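The entries below follow the order in which I looked things up.

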Amino acid sequence: MAQDARNVIMAGIGGRGVMVAALTLARAALRSYKYAVWLPSMTTAMRGGPCEATVVFSSSPIASPLVWRTEGVLIMEASQLAQFVPRVVPGGTIVTEKEGLSDGVDRGDVKVLALPALARAVELTGDSQVSNLILLGAYVQATGMLPVELIEQELTERFSGRSEVMARNAAAFAEGLKLAKEHAGV
């Protein structure tokens, strides 16, 4: 059983898979942690409106799913990045979509990975929809937040019986792991 509490805020716009990635992470965390919560927040627009989800997991009871200062953020739409940068604690990690990123992150005390997940998703599968799992893979690899195998198990369960969808999602997650290793020079 894991010992420390972990948290991440994922943000983007509706329709880009923020909620799928966050719920996948939370459910995978339950394989190793006793407690896990995910707190989704979205506008009334199902697609195109801002959305975010906070995921917290711990071996001890979680007092609140609300997290102001987080160990990391995963941004699936670059236009949403600026509002979350100040919320990352020193030593934290920011993983963001590179497309549309006009400014860098002006913080030397956090690890930043700006990755071309949308472009890689299209190259890999012909569909940008799996960019969320590319970014999730990169975040998991960069932070060591959970063992990779736990996410892979959750994806297998979530998409069982849908072999084409499973294959695309597994390939996207693996691509994210690879991108994070390349970015870190590992």
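**Entry 1: α4 against α5**

I first listed the contacts between two helices: V148, I151, E152, L155 and T156 in α4 meet M166, N169, F173 and L177 in α5. By contact I mean heavy atoms within 4.5 Å. The residues of this contact divide into six nonpolar, two polar and one charged. For these classes, Ala, Val, Leu, Ile, Met, Phe, Trp, Tyr, Cys and Pro count as nonpolar, Asp, Glu, Lys and Arg as charged, and the others, Gly among them, as polar.

The model is predicted, so local features need pLDDT of at least 70 and side-chain atom pairs count only at pLDDT 80 or more, while totals for chains, interfaces and linings use all residues. Residues are numbered from 1 along each chain as its sequence is written, and side-chain values use heavy atoms, with hydrogens and water left out. Helices (H or I, at least four residues) and strands (E, at least two) are DSSP runs, numbered from the N terminus.

I then looked up the geometry. The axes of α4 (residues 148–158) and α5 (residues 163–184) come within 10 Å and cross at roughly 165 degrees. Axes are lines fitted to C-alpha atoms, for helices over the stretch in contact, and angles run from 0 to 180 degrees between N-to-C directions. α4 and α5 are therefore roughly antiparallel to each other, a term for angles over 145 degrees. Their crossing is right-handed, meaning that the near helix is turned clockwise from the far one by less than a right angle.

**Entry 2: F159, between α4 and α5**

I noted F159 in the loop that joins these two helices. F159 has a relative accessible area of 8% and is buried, where buried means under 20% relative accessible area (1.4 Å probe, protein chains only). Leaving aside residues up to four places away in sequence, F159 touches V165, M166 and N169. M166 and N169 also belong to the α5 side of the contact in Entry 1.

**Entry 3: α5 itself**

I checked the length of α5: at 1.5 Å a residue, its 22 residues should span 32 Å, and its end C-alpha atoms are 32 Å apart, which agrees. The expected span is 1.5 Å times one less than the number of residues. Buried residues in α5 include M166, N169, F173 and L177. Their cover includes β6 (111–115), α2 (117–125), α3 and α4.

I turned to α3 (residues 131–143), whose 13 residues should span 18 Å; the end C-alpha atoms are 18 Å apart, which agrees. Twelve of the 13 residues of α3 are buried, among them L133, L136 and V140. α3 and α4 pack at about 155 degrees with their axes 10 Å apart, and are therefore roughly antiparallel to each other. The contact has six nonpolar, one polar and no charged residues. In it, L133, L136, V140 and Q141 of α3 meet V148, I151 and L155 of α4.

Just after α3, I found G144 with a positive phi of about 65 degrees. Which residues does L146 touch? Not counting residues up to four places away in sequence, L146 touches L25, A28, A29, Y33, F57, V140 and I151. L146 lies in the loop between α3 and α4 and, at 3% relative accessibility, counts as buried.

How values were computed
Angles under 35 degrees count as roughly parallel, over 145 as roughly antiparallel, 65 to 115 as roughly perpendicular and the rest as oblique. Buried means under 20% relative accessible area, exposed over 50%, partly exposed in between (1.4 Å probe, protein chains only).
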